[in-house]
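Visitor: I would like to learn how to read the features of a protein model, one at a time and with some care. Could you take me through them?

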Amino acid sequence: MLERGHLTILRAVEQQGSLTKAAEFLCLTQSALSHTMRKLERELGTELWLRQGRSMRLTQAGEYLLAAANRLLPQFELAETRLRQFAQGERGTLRIGMECHPCYQWLLKIVSPYLKAWPEVDVDVKQKFQFGGIGALFGHEIDLLVTPDPLYKTGLHYEPVFDYEQVLVVSQGHPLAGEPWLRPEQLSNEVLITYPVTLDRLDVYSQFLQPAGISPRKQKAIETTDIMMQMVASGRGVAALPRWLAEEYAAKMPLVALRLGKEGIAKQIHLGVRETELGTDYVTAFFELARAHGEASVAAPS
């Protein structure tokens, strides 16, 4: 009764915004597309859309089927891609999802030697995906998730590959620049520049400010690390970054990295994969390379 083509049509209508555009996108006639979906509705015994003039909106059944399409179609597409790669003698593509902005700079240092070591494997990096990190793994949108905050679920495996410390970055002329470590209340009059993510994903809030009941005077969200650091260097605010990244910028800009709290905030970068992928050799090789790079970074002098 329910076929892959039905899911494809449902997703296309949602993405394209109308039956006409979906039919054009799928290289079908509108009448053929409409006939296919009306036949499915009769067989299912329920409507998938409520038609109001020229506009359409999904019913509860349609919403459920669309969610299923968004879960299942990427798995079909991945299977087809992998089979084509096998047929052509290729190993595959490692699709990497990013759940932290500064991790992208770290990842770039891993990808270059990885591509040299595995010339038959392509790498694709996705920083925005439909379901969030966990959903993207389960939905086969990505094969590997880079995250500092692993959420353990049955069927997933997380490999810790790099320890780091989260620090506050200030300009060299900032009044706090000479402090050995910071207390939360010292940030109460600061403009805190952050990445555009929810507060619960920002360690400076969840592990430093919020437990003390402190908020900064103002928060500004900036997408790119380069612009963020230029803002901090010009005295427009302060920002929290991994120490290794903060020190890279401090080597070329008038910046200082300060410990958050007397003991600091310890973090780890984790690589998450589906447990079914653990036996894939080029996935295991990425783990080993990332871990080796992390150990080398920790061993290198600051």
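**Charge, fold and cysteines**

Guide: The protein chain carries 32 positive and 35 negative side chains, and the centres of these two sets lie 6 Å apart. Please keep in mind throughout that this is a predicted model.

Visitor: How many helices and strands are there in the protein chain, and what box do its C-alpha atoms fill?

Guide: The protein chain has 10 helices and 12 strands, and its C-alpha atoms fill a box of roughly 75 × 50 × 30 Å when this is taken along the principal axes. Among contacts with a separation of 6 or more, 71% are between residues 24 or more positions apart.

Visitor: Which residues of helix H8 are buried, and why do they line one face of the helix?

Guide: The general idea is that an α-helix has 3.6 residues a turn, so residues three or four places apart point the same way. In H8, which covers residues 225-233, the buried residues are Thr225, Met228, Met229, Met231 and Val232. Seen down the axis of H8, these buried residues fall within an arc of 155 degrees, so they line one face of the helix. Just after H8 comes Gly235, which takes a positive phi of about 80 degrees.

Visitor: Which cysteines does a disulfide join, and is Cys27 buried or exposed?

Guide: For a disulfide, the two cysteine sulfur atoms must lie within 2.5 Å of each other. A search of the whole structure finds 1 disulfide, and it joins Cys100 to Cys103 with an S to S distance of 1.7 Å. Cys100 is buried at a relative accessible area of 10%, and Cys103 is buried as well, at 2%. Cys27, by contrast, counts as exposed, with 71% relative accessibility.

Visitor: Where does Thr147 lie, and with which residues is Thr147 in contact, leaving aside its neighbours within four places in sequence?

Guide: Thr147 belongs to strand E5, residues 144-147. Buried means under 20% relative accessible area, and Thr147, at 0% relative accessibility, therefore counts as buried. With its neighbours within four places in sequence left aside, Thr147 is in contact with Glu99, Tyr158, Arg201, Gln268, Ile269 and His270. For one of these, Glu99, the C-alpha atom is separated from that of Thr147 by 5.0 Å, although the two residues are 48 residues apart along the chain.

Definitions and conventions
Residues are numbered from 1 along each chain as its sequence is written. This is a predicted model: local features need pLDDT of at least 70, side-chain atom pairs count only at pLDDT 80 or more; totals for chains, interfaces and linings use all residues. Side-chain values use heavy atoms; hydrogens and water are left out. Buried means under 20% relative accessible area, exposed over 50%, partly exposed in between (1.4 Å probe, protein chains only). Helices (H or I, at least four residues) and strands (E, at least two) are DSSP runs, numbered from the N terminus. Contact means heavy atoms within 4.5 Å. Lys and Arg count as positive and Asp and Glu as negative; His and the chain ends are not counted. The place of a charge is taken as NZ of Lys, CZ of Arg, CG of Asp or CD of Glu. The arc is that of the directions from the helix axis to the C-beta atoms.
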